[in-house]
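I opened my notebook to look up aromatic rings and pockets. Here is what I wrote down.

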Amino acid sequence: NADRIDFRHGNRSKITASTYTTCKSIKPDWYIKSNTLDIDSNFGRGVARNSTLYFKGVPILFLPILSLSLSNNPESGALPPVIAATNHGGFELNLPYYFNIAPNFDLTVYPNVITSRGFQLGVNARYMGYNYIGQTKFELLLDDRLTKNNRYALQSIYTQKIRPGLFIGWDINSASDNNYFDDFSHSIIQDPRKFLNQEFNIKYN
């Protein structure tokens, strides 16, 4: 809802003193109040200015400018930062960024600063098609200050349908050393297994 809506050419509109939410209840759990909201219906997105995010009626965040997706299609952009700490690694600050490359392919990059170890970079690629689906995660930290060597972890899972009932795929997992998942407890791979499978499979039903 809004105090005023000005309709412009090209399916664009400017909304003044707006309240926006995707909750369908009469009393939404969250909503955004903005001085102005510019909407482009062709691209399914809006830009809000001088906005306040409310949760359960309580203001929790003010943003001078905010880009909103007004459709079900995800947009590229920064994700919430992850702040953590460990006894050996020290303070960690992870600033993930999401890339919506195509409807069937996306990529998330995880630049991570670990004060006692150095700079770690992680990537998570997801892809799918009519007869295949897969995900690959990779992390790398060059010249760990504590161990004096390069540290990495890899996970790749893939399945492809060859014909009805016949599938091929793999489940490949690797790490630079036996202590990787103990030293990097906030790894994006989060593999609790002690045995890292490297497997190719053929399945038939």
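I start with a term: a residue is buried if its relative accessible area is under 20%. The model is predicted.

Entry 1: I looked up Tyr 54, which has a relative accessible area of 17%, so Tyr 54 is buried. I then checked Tyr 31, and Tyr 31 is buried too, with a relative accessible area of 17%.

**Entry 2: ring pairs.** I recalled that two aromatic rings are described by the distance of the centres and the angle of the planes. My count came to eight aromatic pairs. One of them joins Tyr 31 and Tyr 54, and this pair is stacked. I noted 5.0 Å centre to centre and 10° between the planes. Why does this pair tie together parts that are 23 residues apart in sequence? Tyr 31 lies in strand β3 (residues 30–40) and Tyr 54 lies in strand β4 (residues 45–55), so the pair links those parts. I also found one aromatic cluster formed by Tyr 127, Tyr 132, Tyr 158 and Trp 170.

**Entry 3: charges over rings.** Lys 33 lies over the face of Tyr 54, 5.7 Å from the ring centre. The charged end of Arg 117 sits over the ring of Phe 184, at 5.2 Å from its centre.

**Entry 4: the largest pocket.** I noted a volume of about 360 Å³ for the largest pocket. Its lining has 15 residues, and Ile 32, Leu 66, Ser 67, Leu 68 and Ser 69 lie nearest its centre. Which strand gives the largest share of the lining? That is β5, with seven residues. Both β3 and β5 (58–69) supply at least two lining residues each. I sorted the lining into nine nonpolar residues, five polar and one charged.

How values were computed
Residues are numbered from 1 along each chain as its sequence is written. This is a predicted model: local features need pLDDT of at least 70, side-chain atom pairs count only at pLDDT 80 or more; totals for chains, interfaces and linings use all residues. Side-chain values use heavy atoms; hydrogens and water are left out. Rings of Phe, Tyr and Trp (its six-membered ring) pair if their centres lie within 6.5 Å; planes under 30 degrees apart count as stacked, over 60 as edge-to-face and the rest as tilted. Helices (H or I, at least four residues) and strands (E, at least two) are DSSP runs, numbered from the N terminus. Buried means under 20% relative accessible area, exposed over 50%, partly exposed in between (1.4 Å probe, protein chains only). A charge sits over a ring if NZ of Lys or CZ of Arg is within 6 Å of the ring centre and within 35 degrees of the ring normal. On a 1 Å grid over the protein atoms alone, a cavity is a set of points where a 1.4 Å probe fits but cannot get out, and a pocket is an open set with protein on both sides within 12 Å along at least five of seven lines; lining residues have an atom within 4 Å of a point. Grid points are joined across faces, edges and corners, and a volume is the space filled by probe spheres set on the points. Ala, Val, Leu, Ile, Met, Phe, Trp, Tyr, Cys and Pro count as nonpolar, Asp, Glu, Lys and Arg as charged, and the others, Gly among them, as polar.
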